[in-house]
Amino acid sequence: MINGERSNCGQLNLYDVGRDVTVKGWVDALRDHGEVLFIHLRDRSGIIQVVFSPEFSPAKICERATLLRNEFCITVTGRVAKRSEGTENPHIETGQIEIMVTDLLILSRSETLPFPISEKAMVVGASVGSVESVNEDLRLQYRYLDLRRPSMQENFIKRHRIIKSIRDYLDEQGFIEAETPILTKSTPEGARDYLVPSRVYPQHFYALPQSPQLFKQLLMVSGFERYYQLARCFRDEDLRPNRQPEFTQLDIEASFIDEEYIYELVEELTVRMFKIGNIMLSRPFPRMTYWEAINSTGSDRPDLRFGLRFVEATDLFKNTTYGIFKQILYRGGCIKGINIKGQSDKLSKNVLQNEYAKQIVPGFGAKGMTWMRVIDDELESNIVQFFSEDEQKGIVKRFEAEHGDVIIMIADPSHEVVTTVLGLLRLHIAERLGLIPGDTYCPVWITDFPLFEATEEGIISNHHPFTAPDRTDFDPGDNENLLTLLSRSYDLVINGEELGGGSIRINNKDLQRRIFQALGLSDSEVEEKFGFFINAFNYGVPPHGGLALGMDRVIAMILGTSSIREVITFPKNRSAHCPLTQAPSPVSREQLMELGLLDLAGETVIPGGEKERDMVDHLSWVSRIGINEGERQHIVDAMKETARLANIINERVRDEEPIFSVTTVTNRVRKEPQAVRNPLAEKGEIFRNAPAVKGEFFKVASILE
Amino acid sequence: MNKEIFSYIDSKPSMVNKTGSLHGKSISIQPNMSVRGWPTEAGSRALERFAALEDATVVENLRTAGVTIKGSTHMSELGFGLIGDTAAQAVATGEVDVALVTDSMGEARIAASSKNLFGFKPSFGIISRYGLIGLIPSMECYGIVANTPLEITIVLEAIAGTDDRDYSMPEEVIPDFGRLEDIKTLGTCGVVAECVDMLEPSQSKAFSAALSRLDENGMAIQEVSLKDFDLFRVAHNVIGSVEASSSCGKYDSVRYGHRAQSARNWNEMYIKSRAESFGLLVKTYLFQGAYYQFEDYGTFENACRIRAQLVREMEALYETIDVLILPTRRKNDTIYDTHSIDDVYDVFDLTLPANMTGQPAIHIPGSFFGRETDPGLQFMAPRLGDMRLLSVADHLMKVREGDI
């Protein structure tokens, strides 16, 4: 009865009218007109309307059709017919035709659905249930149903196209796709690892790769010259809305190349990928150095779809009498601003002062914001009277201010505060005033990042320790100087989102060793962490470099989806949990036992020594007193004494005794009615004993945190 | 010779007040007592290259009294114990008439005992500590080492008095010092049995002999008991280390003191600088204090309760006696040679009760009785009974010299 010929629902058209066809798929929607039953039948290719009517369907089939419900999986046979005038459906591709059913087979029934799947109305103008309102965890729990939705299928078909275009392009360019291990070694760099216990080596662990960085560089040592991989990477990072514990990264590495090669390769690749989403990017992509980006947009991933670039204004106020600016400049600060062209209608005094200056800007972390509205040729502001005529003229000229403009400025002793806060304001204002054009894509390469970053723990690599510096004549012990080094790295940013980045790597053993020194890693630490990798540097390492693109992000941007979860088949939710499989989950005692993980939390701490050592380290930290070589044992011994003394005190104390104090409470209060500035400070004498002074300030280590 | 005794000698002593009570006398101070422009390192790298910016109140008062401040003697790190301390040596060799010594556990008395001198610890709170760089604020004061009680008396008169700049001084009227009483009767002297029990047999014998001499000279000896005497040492260690840990917090290597090379960030700057700033003995003490401060604060509070109790019990003793008498020390050979916290407390365990209770105490030289194993005699009086003690000491000295 039903032959092997199967037509795809979405591919039938007017040319098929009169043909007998068989289609298979799911019941997308039903419309019951008494004797006549209309059904939208859906397969991957699309939707077609099938009609059951006593006119052409056998009575048995009509009867069977009354059983149909949404998402039943069925086979239907019938003749393709043109719809009668006025009944066409513009919502579906096949809206001009329908199938007059002569046979129906129910392949599989469906329970009532947790949420609607159908996205196509059966008649003109009718609305369909939106999945937007459905709880995302419910969608993820029934992800297999969620993925039946045509829009979701479209996402994954496009994803496939994009991935295929990558493979095709890189193949053309002579790249070899190679896989690297998923079970690998834990490295203490970067984010937290996901660990996998080893059964064969109890209490030893593999780690899932955070990226194939070391392996891809080793493949360069191996002479692969051009390698790529669509690599799954894993990072146990803090949860953020648009982050997944595992993600796909296009990993590229090539030998005997420089930055220009990477730009050329990746720009062409990006153009091809975006084209699949009907987005045309023009080449070459502009480039900005890290400091250019920071100084003009306040971000190292600038959104260039709109202007609102920063204007440097520090020098305009070098002789100012306006107290706040004067103080800030005296402390070495800076002043930058933005001219919001022609927006004074939308940015009233009230909005600028009460919303921005008083609430939004302090929330971003600056003390305040200076604003001025340009009315005719005059500046209008709550503080404009504090600026001299020259200063006002200077502002107008520098900001190229015209009637209707609004100038905002941030001043702060910290350059970082000024750029960060002004950068956030730039985005906030652009969003608020609708200055961000839709359907515009502005790629940019950000280059010349600082090689190192200062943190509370010391100097760390901004990228990773294998990134080549811009120059090699540095002293690994000179922190101030190290912080001025730039790296040969690059980030690809589109519309304010970092899609990927990479660098030219170090291929010189001595240079690599000095970088590790700068990071404060001892030879033994390096050996322990990267020994296998450094060893490879002994055997002829080609100059090489590469890049990694976060594919989930790239695809989400090309497809314009609301989150990267829309382009991942089975994602974790925002809490890194999978509502479908309920992973992560507890495991059986037997599994733990087999892995030797049962007594890990037990009392395996060696009594005595170790614990006391920890106590000493803790006290060393809280009281900020380091322990020199040979001192530890004395201190450990003294700790035993403290415990003994505490026992005596606590055994013999009488609780009713008051706590002794040599002074009365009133005496601890300063007698002067108000604080007085110490004359020694006023005369600058307090600096005479300082180990290091810079101007009128005590000089300290450059990094707070 | 001078350099062995003095860490700094004032090459051009400032104008002295020729009408002052101390005119013609010379005195040494320690490098933790501030004189504007003088190196003031307090024996510690934590104050490396520090020169005081102001005069301490005591220094101002000494200048007013017309004394010549000759220089600073060497001192132990931050005045903790007597390692390297040369104050008593300065007096014994005649370099100066009087030496000031930071006294937080009995340093003046013990130092004096090593050179046959008088060592005096005044009542707590009668001398301004403004300008004194200390370690254990609630225990310490200026101690005075001299050849005679009279010299101690006139120095005390010069330096005692209220000072608005010292916020720790109790609000009370400080009695007039300066006039030694003519002792008619030595009164009743209490001997704490628990202290005598701590002595070696030979020391005990010498101490008894000294008591007999006092008895012969008209002092009524009465045995008293202070069952918790052993707690003085324990509580001092707990409270002292916590106060030290707290007061050493200011040594951050930013405003003054030693800065370690090449710190990567602020925390490392603190940790490395402070690692290098403190010697092992003080550092160990600071770790002990940090333990109670951060890990076991209840014990610190309980130690303060015990201190209140000991103060109360000591005061109760004076209801039946006029002065207390204790041996000054048990150890002779380790006074200047202490390498652990225990070593330090072994040296001072008989003198630190006065620092704990804030009472005055004086060491009367052991040679008074001419015995080498002599543990020395230490008198204590109720708080503000300083003149009574000095008068007794003066009287006993006159007895020794045959004047009486």
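## Basis

The model is predicted, with local features taken at pLDDT of at least 70 and side-chain atom pairs at pLDDT 80 or more, while totals for chains, interfaces and linings use all residues. Residues are numbered from 1 along each chain as its sequence is written, and chains are lettered from A and ligands numbered from 1 in the order in which they are written.

## Chain B

Chain B has 14 helices and eleven strands; these are DSSP runs numbered from the N terminus (helices are H or I, at least four residues; strands are E, at least two). Of the 404 residues in chain B, 59% are buried. A buried residue has 20 or more other C-beta atoms within 10 Å of its own, with C-beta atoms placed from the backbone.

## The contact between the chains

The contact takes 55 residues from chain A and 61 residues from chain B. Two residues are in contact if their C-beta atoms, placed from the backbone, lie within 7 Å. Helix 11 (297-317) of chain B is one of the helices that supply at least two residues of the side touching chain A, and its eleven residues are the largest share of that side. By class, the side of chain B that touches chain A has 32 nonpolar, 15 polar and 14 charged residues. Ala, Val, Leu, Ile, Met, Phe, Trp, Tyr, Cys and Pro count as nonpolar, Asp, Glu, Lys and Arg as charged, and the others, Gly among them, as polar.

## Helix 8 of chain B and its partners

The axes of helix 8 and helix 11 of chain B come within 9 Å and cross at roughly 130°. Axes are lines fitted to C-alpha atoms, for helices over the stretch in contact, and angles run from 0 to 180 degrees between N-to-C directions. Helix 8 and helix 11 of chain B are therefore oblique to each other (angles under 35 degrees count as roughly parallel, over 145 as roughly antiparallel, 65 to 115 as roughly perpendicular and the rest as oblique). Residues of helix 8 in this contact include Ala235(B) and Val238(B).

Helix 18 (residues 632-652) of chain A also meets helix 8 of chain B, with axes that come within 10 Å and cross at roughly 115°. Here Leu645(A), Ile648(A), Ile649(A) and Arg652(A) meet residues of helix 8 that include Ala235(B) and Val238(B).

## The nonpolar core

The largest nonpolar core has 144 residues, and Ile649(A), Ala235(B) and Val238(B) are among those that touch the most other members. Such a core is a set of buried Ala, Val, Leu, Ile, Met, Phe, Trp, Tyr and Cys residues joined through C-beta atoms within 7 Å. Beyond its neighbours within four places in sequence, Ile649(A) is in contact with residues including Thr299(B), Ala303(B) and Ile306(B).

Conventions. A residue is buried if 20 or more other C-beta atoms lie within 10 Å of its own, exposed if 12 or fewer, and partly exposed in between; C-beta atoms are placed from the backbone.
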